[in-house]
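Open the model in your viewer and keep the selection panel at hand. The tour goes stop by stop.

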Amino acid sequence: MSVDTATVRRVARLARIKVSDEEAERMTGELNSILGFVEQLDEVDVSDVEPMTSVVAMTMRLRADVVTDGDVAAKVTGNAPMSDDDFFMVPKVVE
Amino acid sequence: MTDLTALTIAEARKGLAGKDFTATELTKAYLAAMAAARELNAYVVETPEKALAMAAASDARIAAGEARALEGIPLGIKDLFATEGVHTQAASHILDGFRPAYESTVTNNLWADGAVMLGKLNMDEFAMGSSNETSFYGPVKSPWRKAGSNMALVPGGSSGGSAAAVAARICAGATATDTGGSIRQPAAFTGTVGIKPTYGRCSRWGIVAFASSLDQAGPIARDVRDAAILLKSMASVDLKDSTSVDLPVPDYEAAVGASVKGMKIGIPKEYRLDGIAAEIDGLWQKGIDWLREAGAEIVEISLPHTKYALPAYYIVAPAEASSNLARYDGVRYGLRVPGSDIVDMYENSRAAGFGAEVKRRILIGTYVLSAGYYDAYYLRAQKVRTLIKRDFEIAFEAGVDAILTPATPSAAFGIGEKAGADPVEMYLNDVFTVTVNMAGLPGIAVPAGLSADGLPLGLQLIGKPFDESTLFSLGAVIEQAAGRFAAELWW
């Protein structure tokens, strides 16, 4: 299976990464190289094989439902490019 | 005073206990060595004030007879680990200025055992690469050079800074991470020892995530004993990482020097690739002979799905990465490039912030997870993963204790040498290592010889889940037989 430049643009949109025309062209070739490489997986008989979701068999540990952290708004917003009053500031989202 | 940076961790530990020198003197020796080695570009940030403060605290502890396991030992930390208040950027532009308000569990364990932080080490951006050439801070020069050549070589990746720093003796040991080979391949390229423990052995909390089902932290060190010492401190169960496993951490150092008589070593025939370099094959045979001489039994085994590990990895890892890297959007941390609206801001920030390899992997990952392709790619790759793991389980059930393979298909190459158009060529560096991450098993790379050009070559041992001790025992046998290799100082 291979992709065309229009598909690359669509995927870039999904991934929220702006690509120039030149980049889209170049990446189409690179992605097709990778997709060509992974095509060999089609050779494998995977009928009746469960997908592997965990490398070590384990049930997820649960923790007690108690508050053990919090009240650190300054730390949480400390690295923000723009913040005010413990909020993260962004361009308007909703018209 | 003899050059303190020439001491291994075990030797430094002894010297500090015997009051031959102080922790402050040891740290100062490393800081000087680091300053003299800046051309290597192994460190992205040096933390001399912090290091000296930590060393002073260690000296107080030693004087009071309260020395902990790693008291006063100066370490370098891969830029992927969150170090409180200190630059942590995963060698990426998109995390510009990020200083975590928290410490990763692994590094916290090291500081709790008295280690000293020298600085943050260079790496491939977001741990995506096999040569340290995708770093926002530029490539790392390996301390190793081909005989009679000035050509700058890669130290491997993604933990290139870690491996180079250990080999150049500008830290006593280093932390690193391994998702597809990023500890073992650079260790093999630089004549150092690197171990990727079993998935779940070390906590991933506070480590910038690349592929959550594959990532694992581990040490790179000068020898097998040092690697065992570091792993003992790094490993722990962690309630903050639900994938970390609650098993006691053995005294790994005790396994170094233990007898390997009667151990069954599997030699997987599928790792003998068509066109495998003669010197790699020759080294593998030497390793087989050394283990046999030490009393191990050698058996040929088959891991039939070996060749599918690399393509399956290049679906699973980018898919997980596309999800993990979605958080870098210019909102809460890092680089923000303004846009006409919020989506434009996301798109601009991510386009400017991520390097080319990272973008490639995010796009592949997004594509294989997208509607209509999920079954054909991601689900299929996860099924192949089950088969890869099953191959190993069958071998271990048949009585194999560990598996011996080459670590890399070649010695280190030149910086820029693989800058050609095809990204897959770089991926092939990991052909021997990715199977281990896909199966969640532990794997160690031990220096085993030099190439015809005088560059390090390593052998890999793959173990049963949580049986890192066996890897240290076998690794020590190879190390004893192969001898030690040190890069000549040219910087």
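Select helix α7 (residues 224-234) and helix α15 (residues 468-482), both of chain B, in this predicted model. Their axes lie 9 Å apart and the packing angle is about 160°. That angle is over 145, so α7(B) is roughly antiparallel to α15(B). By class, this contact has 5 nonpolar, 1 polar and 2 charged residues. Now show side chains. On α7(B), pick B:V224, B:A228 and B:L231. They meet B:E468, B:F472, B:G475, B:A476 and B:E479 of α15(B).

**The sheet**

What order do the strands take? Reading across chain B, the order is β1-β3-β2-β4-β6-β5-β10-β11-β9-β7-β8. The sheet is open, has 11 strands and shows mixed pairing. Go to the edges, where β1 (43-46) and β8 (297-301) of chain B stand. Each has a single partner strand, so one side of each is left without a neighbour in the sheet. From one strand to the next, the twist averages 30°.

Zoom in on one pair: strand β5 (residues 193-196) and strand β6 (residues 216-221) of chain B. These strands run antiparallel and are joined by 2 bridges. Click B:V193 and look across; B:A221 in β6(B) stands opposite.

**An enclosed helix**

Next, select helix α4 (residues 105-112) of chain B. Is this helix enclosed or open? Of its 8 residues, 6 are buried, so α4(B) is largely enclosed by the rest of the structure. Colour the buried ones: B:T105, B:V106, B:T107, B:N108, B:N109 and B:L110. Around them, show β2 (74-78), β4 (173-178), β6 and α7 of chain B, against which the buried residues of α4(B) pack. Step just past the helix to B:G114, where phi is positive, about 95°.

**The core**

Which residues have the most contacts inside the largest nonpolar core? Select B:A42, B:L75, B:V116, B:A165, B:I315, B:L363 and B:A402. This core has 173 residues. Helix α9 (residues 309-324) of chain B gives the most to it, with 10 residues.

Centre on B:A165. Beyond its neighbours within four places in sequence, B:A165 is in contact with B:A42, B:Y43, B:G76, B:L121, B:I170, B:C171 and B:A174.

**A crossing of helices**

The axes cross at roughly 95° and come within 7 Å. At that angle, α9(B) is roughly perpendicular to α11(B).

**Where the chains meet**

Finally, show chain A alongside chain B. The contact takes 57 residues from chain B and 40 residues from chain A. On the side of chain B that touches chain A, the elements giving two or more residues are α9, α10 (342-353), α11 (356-369), α12 (375-397) and α13 (423-427). Highlight α12(B): the largest share of that side, 10 residues, comes from there. Colour the chain B side by class to see 30 nonpolar, 13 polar and 14 charged residues.

Definitions and conventions: Residues are numbered from 1 along each chain as its sequence is written. Chains are lettered from A and ligands numbered from 1 in the order in which they are written. This is a predicted model: local features need pLDDT of at least 70, side-chain atom pairs count only at pLDDT 80 or more; totals for chains, interfaces and linings use all residues. A nonpolar core is a set of buried Ala, Val, Leu, Ile, Met, Phe, Trp, Tyr and Cys residues joined through C-beta atoms within 7 Å. A residue is buried if 20 or more other C-beta atoms lie within 10 Å of its own, exposed if 12 or fewer, and partly exposed in between; C-beta atoms are placed from the backbone. Helices (H or I, at least four residues) and strands (E, at least two) are DSSP runs, numbered from the N terminus. Two residues are in contact if their C-beta atoms, placed from the backbone, lie within 7 Å. Axes are lines fitted to C-alpha atoms, for helices over the stretch in contact, and angles run from 0 to 180 degrees between N-to-C directions. Angles under 35 degrees count as roughly parallel, over 145 as roughly antiparallel, 65 to 115 as roughly perpendicular and the rest as oblique. Ala, Val, Leu, Ile, Met, Phe, Trp, Tyr, Cys and Pro count as nonpolar, Asp, Glu, Lys and Arg as charged, and the others, Gly among them, as polar. Two strands pair if DSSP finds at least two bridges between them.
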